[in-house]
Structure formats: C-alpha cells, structure tokens
Amino acid sequence: MLVSTFIVLGGLLAVITMVLVRGVPALSISMLTQTPKGGYYLGKEGGILNAITGSLYLAAGATGLALVISLPVALYLEEYIGKSRFADFARLMLDISWGIPSIVYGVFGFTIMLYIGLKSSLLGGIITVALFEIPIMVRVMDEVLKMVPSDLKEASYALGSTRFETVFKVMVRQALPGILTAILLAFGRGIGDAASVLFTAGYTDYIPTSLFDPAATLPLAVLFQLGTPFPEVQTRAYASAAILMIIVLSLSIISRMLARKFAKHIVA
Amino acid sequence: MMKDPLKPILSVQNLNVSYGEQQALKNVTVNIPEKRITAIIGPSGCGKSTLLKSMNRLIDLTEGVKYSGKIFYHDTDIFDAKTDVTYIRKKMGLLAQKPCPLPMSIYDNVAYGPRIHGQENKKELDQIVERCLRSASLWDEVKDRLKAPASKLSLGQQQRLCLARALAVDPEILLCDEPTSALDPISAQSVEELLHELRKDYTVVIVTHILRQAMRLADYVVFLYLGELIEYGPVEKILKNPENATTQAYIKGIFS
C-alpha cells in the first residue's frame, strides 16, 4: 500500500515538476497578457491570452450549464423516483455516458452543429463540454445526496415543507460541500479536455467577443505549440500547461475552502 | 376499555399499517384527548413509532408502506386525498428520537418553518424566534449567538432547538418519538420538564419505552403489543391497575 501510494504521488509530482521546470522559464507577463502576434508559432512575439480566456469562458459556461441541468436531475433521481427501475436505468446510462471518450462527444457535437448550421464557436464548445460534464456531475451529486440522513428529511417534512422545499432548502444545503466537489470535478474535466473542443469550439488567435465566435482553449494551445518544430515554441507549450495546472489547482483550493465553510452547518 | 370524557383532537379508527409483507399495526382504534399528554408504550417493534408517524403521515415517506383505516384531526380525515398534508404536518410538530437540526444557523432553524409558510417580515420572524426559543428554554443560552451553526450546540440544546423549531409553525399537537432517549439524564430531564410545561397549550403524544417517564408525564397511556392496541386509559389505571394480562406482564417487567 505504501509503495502504491508513493508510485501515485511520485507520478503526480513528476508530472508537475516536469511541466514547471520546462514551462516556467518561458512563462512571462506577455504570455499572460497578449494574444498571439504574427509569427507567434514561429517563436516570435505574443502570448496565449486567447486560450486562457477562451478556456475560462468555455469551462465556466459549460460547468454552469451542466450544473443547471444536473442538480435537478440528481435531486429528481434521489428524492422523487428513488429506487424505481427507471432511476436505476438512468444511473446505468449516466455511468456509461461518463465512460464515453470525449472525442466521441466532440464528433457528436460537431455532427449536430453541421446539421443545424452552427459554426465552430464558443457556444458549440460550451454545449459539447456540458454534455460530457453532466454525467459526472449527476452521478457525484447523486451519491452525495444519498448520504443526506432520512431523519433530516423527516424533520423538514414534519414542519410542513413540500417536497420541493425539502429538496432545495434542506437537502441541497446539507449536501453543499459534496455538490461543490461535483462542480469542481466537472470543471476540471471540462477545462482540461482537448478532444471535445477541437471541432466544436475551434481555435483562434483572438479573444471571443460573442457566443458565436470560435474560442481557443489551453489544451489545444498546448497541442499546437508542442507540434511545432521550434524549441522555444515547445517550451511555451509547457508554460501553457503550467497555466492550466495553476488554474485547476487554485480552483480546487478555493472550492475546498468554500466546502469547509459550508460543512460547519452539518451535523455528523 | 373506558369511555373518553375529553373531546378527542385526534381520533384513530381501525388503522392498519403494513410495510411490505410485515404488518406493523393491526386495527388500532384510539382517541387522543386535547391538551393532555398521551404516552404510547410497549416493547420495541410493537408499532409505537408507526402509530405516531401515521398521525402526521410521515409514514408516507417509507417505501412500500400501505395503510387503511382513518385518522381524524378535529373533523379532517388526514388520509383523505383532498387533505393538505403540509397543513396536517404544520399542525403537528415532531420531536424525533435523535435531535436533527437543519444545516443552518440557530436562528434559521427556528425561522425555517414560518418562512416556508410565507412569513417574511423580519420583525415578526425575530419575535417568533425569540418566543419559541424561550418556550424551549434555550433563549438565554443562545441569544448572543443566534447566527452560529446549530450543529455546534450540545445534543440536549439541539433537542430543545428542535422543539423550538416545531413550536415556530404554531402546531396544536406535539408528536414526540422517544425524545429523551439520545440525551444525557440532565438534558432528558429538562426536555421532560418542558413537555410538562407545554401541556397547558398543546396536546402531546409521546412514544416512550421508559415506564417511569410515562408515569411522570402522561395523563393517558396507550399500550401496544405486536401491532395491536392492548389497553388504553388514564395513566393511574393502566400502569397501576391494568386489566389485561399482557399489560400486567409488561409493566411488571416480565418482558420488554
């Protein structure tokens, strides 16, 4: 067990160190504050602000959209249809959807977009990423809501609450730390995924100004920069990866702090 | 079985409740008199809690539950499809076995009930919270930290908070399911004293397996055994001079 733990931790540490060692030297203010100038991919001036903002817009939009859909679904599964066959079936389908590779979502999203005539855009990316975030969110929330003690639900019902009030005012509050975890998990998956946004959000050197503009993303920025034959551009790929890691890391720290803040209300 | 001299606030008639194959209550008929304490006693698994939770239809939450018979609250048939369950539950506060504060502050715990029933006025809420916390004799202990999480209170305080929370929706009846069994003796005593005090304004139905508690608190006693109502009447009669052989055996402690 100790050895396995060290292998896992060591692997994680190795990835982080490699990205930081290779990326930090290339990290500069201009990377963070500029969009690519002409010849950026040949090693000239510019930064990847387009991908940073693109990724943040996209992941935030997708996670927001997924949350709006997932929370009601999880609550419905848990408190409205409970142990019915349909609920079991829905859970199975969600588990399968969780396992589908994101490239499949990308292709699916792209096909639909072609069909309705939507170009590669922020909107297309948001919808596609939300699609593969939903199963993650629903299943994690479902498990968290299952932990809400039945005594607590009884206490709320006994005061004359409707099911709707019990679900949204009591169960959600009790499960809030876990719901935050679900959101973070989905956000992490969303912001780090390259395959699903390749066709649906496209790539651009500009910062998107509307939902119908294409949007650049950090994972694709890493991919494209690493694919160039120029060493200085390749180090920028590591720098981009480092930025991505820092975003995810700081979010998980913030959400942990929030979770702790909400957890103080919970009676163990 | 003796005739009830007092006007019943709750009237249970031929109530049968079953969970799946297992029948929890068999043809129970009993009247609960107004502004008195009625204790439901009996060995564990005899259907005490089921009877209590039938009264505010909390048994609806249990999977696979089936029931027949009638329960009248005043003149309202609580099982009638037209009856508003939330109204029934609002009129019957519940004090559970284990204190279960809502995941919010002390103030919000008490204000939760009035808020869901439409009270938004801050001043009125403040008054309700203070009045109910005083009734539950918790006010002096928490008045300086109303915004603190309820989870930080001691178990005994939590149970009194749950009582205050129940009082806040202006019930007529308090349903108590072994409300002292999770508490230390001193907290248990304070909850008992409160119930005794509240008897002036509320009808109390208390499930207990502690005979001495029934003796101290109750005016009337309902004895259940294996889902059947064995005996029912004033406390002195049932606990001191029971007619039925099973009741006698239980009270003498031959089984429990």
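The model is predicted.

**Chain A**

Chain A has 11 helices and 0 strands. Read from the N terminus, its elements run α-α-α-α-α-α-α-α-α-α-α. The C-alpha trace of chain A spans about 70 × 50 × 30 Å along its principal axes. Of the 268 residues in chain A, 42% are buried. Among contacts in chain A with a separation of 6 or more, 76% link residues 24 or more positions apart.

Helix 10 of chain A covers residues 218-226. Its buried residues are A:L218, A:P219, A:L220, A:A221, A:V222 and A:Q225. What do these buried residues of helix 10 of chain A pack against? They meet helix 3 (49-80), helix 8 (163-192), helix 9 (195-200) and helix 11 (231-263) of chain A.

**The core**

The largest nonpolar core has 147 residues. The residues with the most contacts inside this core are A:L58, A:M137, A:M141, B:A164, B:V205 and B:V221.

A:M141 has its partners spelled out. Leaving aside residues up to four places away in sequence, A:M141 touches A:S70, A:L71, A:A74, A:I179 and A:A182.

**Helix pairs in chain B**

Two pairs are set out here.

| Helix pair of chain B | Crossing angle | Axis distance |
|---|---|---|
| Helix 3 and helix 4 (122-135) | about 115° | 9 Å |
| Helix 6 (155-167) and helix 7 (185-198) | roughly 20° | within 9 Å |

Take helix 3 and helix 4 of chain B. Angles of 65 to 115 degrees count as roughly perpendicular, and these two helices are therefore roughly perpendicular to each other. Their crossing is right-handed. On helix 3 of chain B, the contact residues are B:Y107, B:V110, B:A111 and B:P114. They meet B:L125, B:I128, B:V129, B:C132 and B:L133 in helix 4 of chain B. By class, the residues of this contact are 9 nonpolar, no polar and no charged.

Now helix 6 and helix 7 of chain B. Angles under 35 degrees count as roughly parallel, and this pair is therefore roughly parallel. Helix 6 of chain B passes helix 7 of chain B in a right-handed crossing. Helix 6 of chain B brings B:L155, B:G156, B:Q159, B:R160 and B:L163 to the contact. Helix 7 of chain B brings B:S187, B:S190, B:V191 and B:L194. How do the residues of this contact of helix 6 with helix 7 of chain B divide? There are 4 nonpolar, 4 polar and 1 charged.

**Where the chains meet**

The last topic is the interface. Here 24 residues of chain B are in contact with 21 residues of chain A. On the chain B side, the elements that give two or more residues are helix 2 (85-91) and helix 3 (106-116) of chain B. Helix 2 of chain B gives the most to that side, with 4 residues. The side of chain B that touches chain A has 14 nonpolar, 5 polar and 5 charged residues.

Conventions: Residues are numbered from 1 along each chain as its sequence is written. Chains are lettered from A and ligands numbered from 1 in the order in which they are written. This is a predicted model: local features need pLDDT of at least 70, side-chain atom pairs count only at pLDDT 80 or more; totals for chains, interfaces and linings use all residues. Two residues are in contact if their C-beta atoms, placed from the backbone, lie within 7 Å. Ala, Val, Leu, Ile, Met, Phe, Trp, Tyr, Cys and Pro count as nonpolar, Asp, Glu, Lys and Arg as charged, and the others, Gly among them, as polar. A residue is buried if 20 or more other C-beta atoms lie within 10 Å of its own, exposed if 12 or fewer, and partly exposed in between; C-beta atoms are placed from the backbone. A nonpolar core is a set of buried Ala, Val, Leu, Ile, Met, Phe, Trp, Tyr and Cys residues joined through C-beta atoms within 7 Å. Axes are lines fitted to C-alpha atoms, for helices over the stretch in contact, and angles run from 0 to 180 degrees between N-to-C directions. Angles under 35 degrees count as roughly parallel, over 145 as roughly antiparallel, 65 to 115 as roughly perpendicular and the rest as oblique. A crossing is left-handed if the near helix is turned anticlockwise from the far one by less than a right angle, and right-handed if clockwise.
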